[in-house]
Amino acid sequence: MLVLYNAQIYNPSLPQNAVTALAIDHGKIIAAGSNENILAEFSSCPHKENMSGKFILPGLTDAHIHLEHFSHSQTLIDCETTTLDETLKRLADRVKVTPPGMWIRGHGWNQNLWAGGFGNAEMLDQIAPRNPVYLTAKSLHASWANSSALTIAGINSQTPDPTGGQIQRTPNGEPTGILFESAMRLVEEVIPEQTLDETIKNLAAAQKILWEMGITAVHDFDGARCFSALQVLDSEKQLHLRVLKAIREEMLEPALEIGLRSGFGSDFLRMGSLKLFMDGALGPQTAAMLEPYEGTNQKGILLLNSDSLFEYGQKAARGGFGLAVHAIGDAANRAALDGFTRLRKFEQSEHLPTLRHRIEHVQLLHPADKARLARLQVIASMQPIHATSDKDMAERHWGKRSELAYAWQTIRESGAPYAFGSDAPVETPNPFIGLHAAVTRCRSGETLDHAWYPTERLNLADAIAGFTTGAAYAAGWEDWQGKLQPGYAADLILLDQNIFEISPNDLPGIKPIGTMVAGQWVWR
């Protein structure tokens, strides 16, 4: 048993400082109240910690992360640079320490930040003539390969575009080295796979990074190898990050055959939703649009229509799986909502549970669709940091339609459930940077007069809810996670200042000084 006292404990349903002490036993909070009452009731407890007035928040959840990709990204070249030349310089530094013939990987480039736009294979060839090079875009919806990588993958002027993807080409039909959407797999399938042991090692290191940021739970959207590695860590009692594990389309049939369903698992690893993709992303202009991108006749790529979503949804719902549907453009979100409308009717007619379906990203809604998430009780799983990262691109490609881009306040006011995450490694998983984006709609260092569509800002309590109670609801964990009250998991973070008493501009600099999971300090 453990008693924490003399703290400022966050409970949005009570007046500030109404709760100053917690009693914890077997990983759960068993009592919450004043110092006087808790210390008197648990006077025999041998383990008491004076928090010296520090502020305690529930542990924060990242409701959309690519855990294996994030852990692996810590070993890659950081290509998130403001100039193409800087990315090439970092590649040159890596070439110096990489034996010839070995693959060189990187992540994070964004051609929208570079004066000349996309790079090409020849640029990489000049720096790395003896290594295959493969660099993924920040969006993870495009990649950049050199000639060696293209040759190994068998990509040439005669290679057709795969379904749902595109090989960028020169005017004479030669591949430039830039690949979009499913075309990325042509190279990824020939890159030597990371081993299970490497994945386990990387995930173990990644959870420490997340603890330091105040993250105690994640909803993961990576594949089978990540799931296997997490199971090993969990079985060895080395997983101290709560993980809701989504499955991909190709995993649905095997999962149904053996009777798996959403919610199955342990305290630290549970089955989540079936992940589907409706469209691409804003950066490479592959997000599916109702009207063309500004100044073009392009409407992006709709990977699934509402009929396809309904087909998957029927099968998944019968087996107890909710859907988590990636949708960014307004056409993709409409198609997803159309599919969910039919799916809700199917659940009712078949006397099935009302499952926790969710749309991942919800980056742009048509005005006619803004209330439909609430009517359908479909969870808006959003990433506040995308708005501040993407606002220039959104203005350029979506124009006035951006009024309903990343529309957190509109969605909250409609009554739709919502959860917040980061989409790491697309963005940093630091939740305090996410909170800053949610309450200011500004980039770090900008003043509030730079707020982008400021009517969509949230107050701090509502933003915190996205990372706590909202994320818990999305997981089906609302009865035991996301609050600091009796019966809930003792997952919490310790801060040296009350974040309600600081300027919102100071949120990105907040660093927890302690993180507890299941009643144990995992980081101090």
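In this predicted model, the second largest pocket has a volume of about 590 Å³, and of the 31 residues that line this pocket, those closest to its centre are E80, K138, V426, E427 and T428. Several elements each give two or more residues to the lining, namely the helices α2 (67-73), α7, α13 (384-398) and α15 (431-440), together with the strands β8 (77-78) and β9 (104-109). Among these contributors, α13 provides the largest share of the lining, with four residues.

Two packed helices are described by the angle between their axes and the distance between the axes. For α7, which spans residues 196-213, and α8, which spans residues 224-235, the axes come within 9 Å and cross at roughly 65°. Because an angle of 65 to 115 degrees counts as roughly perpendicular, α7 is described as roughly perpendicular to α8. The crossing of the two helices, α7 and α8, is right-handed.

The residues that form this contact can be followed on both sides: from α7 come L196, T199, I200, L203 and A204, and these meet R225, C226, S228, A229, L230, V232 and L233 in α8. By class, the contact of α7 with α8 comprises nine nonpolar residues, two polar ones and one charged residue.

Definitions and conventions. Residues are numbered from 1 along each chain as its sequence is written. This is a predicted model: local features need pLDDT of at least 70, side-chain atom pairs count only at pLDDT 80 or more; totals for chains, interfaces and linings use all residues. Side-chain values use heavy atoms; hydrogens and water are left out. Axes are lines fitted to C-alpha atoms, for helices over the stretch in contact, and angles run from 0 to 180 degrees between N-to-C directions. Angles under 35 degrees count as roughly parallel, over 145 as roughly antiparallel, 65 to 115 as roughly perpendicular and the rest as oblique. A crossing is left-handed if the near helix is turned anticlockwise from the far one by less than a right angle, and right-handed if clockwise. Contact means heavy atoms within 4.5 Å. Ala, Val, Leu, Ile, Met, Phe, Trp, Tyr, Cys and Pro count as nonpolar, Asp, Glu, Lys and Arg as charged, and the others, Gly among them, as polar. On a 1 Å grid over the protein atoms alone, a cavity is a set of points where a 1.4 Å probe fits but cannot get out, and a pocket is an open set with protein on both sides within 12 Å along at least five of seven lines; lining residues have an atom within 4 Å of a point. Grid points are joined across faces, edges and corners, and a volume is the space filled by probe spheres set on the points.
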